[in-house]
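This report walks through a single protein chain, one feature at a time. Please keep the sequence and the structure in view while reading.

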Amino acid sequence: MAYLAEAAARVVVVELTTTATALTVSKAMPYVVAACLAGWMTAYGRRTKREGERLAAAAPADAALAGTSAR
């Protein structure tokens with residue numbers, strides 16, 4: 001989806017700006033998009049890891065509660 005959005009943004013830039021500006025933006029945009037995607041993946045991975053650790057820490061407590069309530 002990100003690369004489709006990049007392509008659409010390039011079309012808009014080409015249509016609305018001068019040739020020099022469009023060329024400059026087109027050369028820089030892949031790096032900007034890749035950096036944004038890398039940042040998003042890093043943040044998402046860290047958040048997912050924290051959520052998994054939280055769930056793993058809560059699992060023994062949940063199991064203990066389930067074991068005592070079944071008695």
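Glutamate 6 lies in helix 1, which spans residues 2–16; helices here (H or I, at least four residues) are DSSP runs numbered from the N terminus, as are strands (E, at least two). The model is a predicted one, in which local features need pLDDT of at least 70 and side-chain atom pairs count only at pLDDT 80 or more, while totals for chains, interfaces and linings use all residues. Residues are numbered from 1 along each chain as its sequence is written, and side-chain values use heavy atoms, with hydrogens and water left out.

**Glutamate 6 and its partners**

Glutamate 6 counts as buried because its relative accessibility is 9%, where buried means under 20% relative accessible area, exposed means over 50%, and partly exposed lies in between (1.4 Å probe, protein chains only). Leaving aside residues up to four places away in sequence, glutamate 6 touches Met29, Pro30 and Val33, a contact being heavy atoms within 4.5 Å.

Glutamate 6 also takes part in a salt bridge with arginine 10, a term that requires a side-chain nitrogen of Lys or Arg within 4 Å of a carboxyl oxygen of Asp or Glu. By this rule the count comes to 2 salt bridges, which are set out below.

| Salt bridge | N to O distance |
|---|---|
| Arginine 10 and glutamate 6 | 2.9 Å |
| Glutamate 51 and arginine 54 | 2.6 Å |

Arginine 10 and glutamate 6 are separated by about one helical turn, because they are 4 residues apart in helix 1. Arginine 10 counts as partly exposed, at 27% relative accessibility. In helix 2, glutamate 51 and arginine 54 are 3 residues apart and so are also separated by about one helical turn; glutamate 51 is partly exposed at 38% relative accessibility, and arginine 54 is partly exposed with a relative accessible area of 47%.

**A nonpolar patch**

Methionine 41 sits in helix 2, which covers residues 19–69, and counts as exposed because its relative accessibility is 55%. Together, Trp40, Met41 and Tyr44 make a nonpolar surface patch of about 380 Å². Patches are built from residues with over 30% relative accessible area and no salt bridge, joining like charges within 9 Å and nonpolar side chains (Val, Leu, Ile, Met, Phe, Trp, Tyr) within 5 Å.

**The chain as a whole**

The secondary structure of the protein chain comes to 2 helices and 0 strands. Of its 71 residues, 7% count as buried. The accessible surface of the chain comes to about 5,800 Å², of which 70% belongs to carbon and sulfur atoms; such areas come from the Shrake-Rupley method with a 1.4 Å probe, and for residues only the protein chains shown count as cover.
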